[in-house]
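Load the model in a viewer with the cartoon shown and selection by residue number ready. The stops below are meant to be taken in order.

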Amino acid sequence: MIKVAPSILSADYVNLQKDIEKVDKAGAEYLHIDVMDGTFVPSISYGPNFVKAIRPITKMVLDVHLMVQNPEHILQAFIDAGADIIGVQVEATQHIHRALQIIKNGGVKAEVVINPGTPVEMIKPVLHMVDQVLVMTVNPGFGGQKFLPETVAKIAELNQIKRANGYDFDIEIDGGVNNETVVDCYKAGATVAVAGSYVYNADDPAERINALKEATK
Ligand code: DX5
Ligand code: ZN
């Protein structure tokens, strides 16, 4: 059964606490927080103060996805804000190893993220040091996009490397995830599913979280 990480990018910001409590009660393991800087991706979302504000209202794992160019400078702020996992895009820095080191030295779980157009090969040198790998299943920047099926082969490739080397990182998928698209990803080795619009653009988010779990039993 896959772990579920609702993305609050698609939540109702005026009633954010309510929307967070809904998925918490429904048994979501993670809360996915999408940080966008207007440079690495065209959109702008929120920063470390947002994470700090959410920290006291839930015990869910705060899974922070940084879509930020040169993230090294702001990592400490997200560590101090109370993130449990911090993900950096390999395309956004010339110093991915250093960025992951900063996260780990801060006592936070380190994640490397790859875009659909980035080969798994790119992250091989840092796989020994990560707690989670996020394989983007859409191009980052917006919620509600269509799942890219060609990314499934990358999940399988990554899972193969994981097994061959005895690594124990989680494999997370993000973008266009629903009760259908999640199935092949789970079979290929995904262990955590981010879902934004599928969970929050529904009358009953709890039912959607359940559906993701049911589909991966
Ligand atoms: C996309 C973000 C996702 C987004 C997913 O750039 O990284 O986390 O919220 O949204 P859905 O699930 O609607 O594709
Ligand atoms: Zn995300």
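The tour starts at a metal site and then moves through a sheet and its helices.

This is a predicted model, in which local features need pLDDT of at least 70 and side-chain atom pairs count only at pLDDT 80 or more, while totals for chains, interfaces and linings use all residues. Residues are numbered from 1 along each chain as its sequence is written, chains are lettered from A and ligands numbered from 1 in the order in which they are written, and side-chain values use heavy atoms, with hydrogens and water left out.

**Stop 1: the zinc ion**

Select ligand 2, the zinc ion, with His 32 (NE2), Asp 34 (OD), His 65 (ND1) and Asp 174 (OD), its protein donors at 2.0 to 2.3 Å. Donors are N, O and S atoms within 2.8 Å of the metal (3.2 Å for Na, K and Ca); water is not among the atoms, so sites may look incomplete. The site has six donor atoms with angles of 71 to 170° among them and is octahedral (for six donors: opposite donors over 155 degrees apart and all others between 65 and 115). Along the chain, the donors are spaced as H-x1-D-x30-H-x108-D. Two of them link distant parts of the chain: His 65 belongs to strand 3 (residues 61-67) and Asp 174 to strand 7 (residues 170-174), 109 residues apart. Strands are DSSP runs of E with at least two residues, helices runs of H or I with at least four, both numbered from the N terminus.

Is His 65 buried or exposed? His 65 is buried, at a relative accessible area of 0%, and Asp 174 is also buried, at 8%. Buried means under 20% relative accessible area, with a 1.4 Å probe and protein chains only.

**Stop 2: strand 7**

Five of its five residues are buried, so strand 7 is largely enclosed by the rest of the structure. Asp 170, Glu 172 and Asp 174 point one way, Ile 171 and Ile 173 the other.

Strand 8 (residues 192-195) pairs with strand 7 in the parallel sense over three bridges, with Ile 173 opposite Ala 193. From strand 7 the chain passes through helix 6 (residues 181-188) to strand 8 in a right-handed β-α-β crossover. Strands count as paired if DSSP finds at least two bridges between them. Right-handed means that, with the strands pointing away from the viewer, the path from the first strand over the helix to the second runs clockwise.

**Stop 3: strand 5**

Select residues 109-114, which form strand 5; five of these six residues are buried. Strand 4 (residues 85-89) runs parallel to strand 5 and is joined to it by five bridges, and Gln 89 has Val 113 as its bridge partner. Strand 5 also pairs with strand 6, in the parallel sense, over four bridges.

**Stop 4**

In what order do the eight strands lie? They form an open sheet in the order 1-8-7-6-5-4-3-2, with parallel pairing. Strand 1 (3-6) and strand 2 (30-36) are the edge strands, each pairing on one side only.

Key. Four donors count as tetrahedral if all angles lie between 85 and 135 degrees; four count as square planar and six as octahedral if opposite donors are over 155 degrees apart and all others between 65 and 115; anything else is irregular. Buried means under 20% relative accessible area, exposed over 50%, partly exposed in between (1.4 Å probe, protein chains only).
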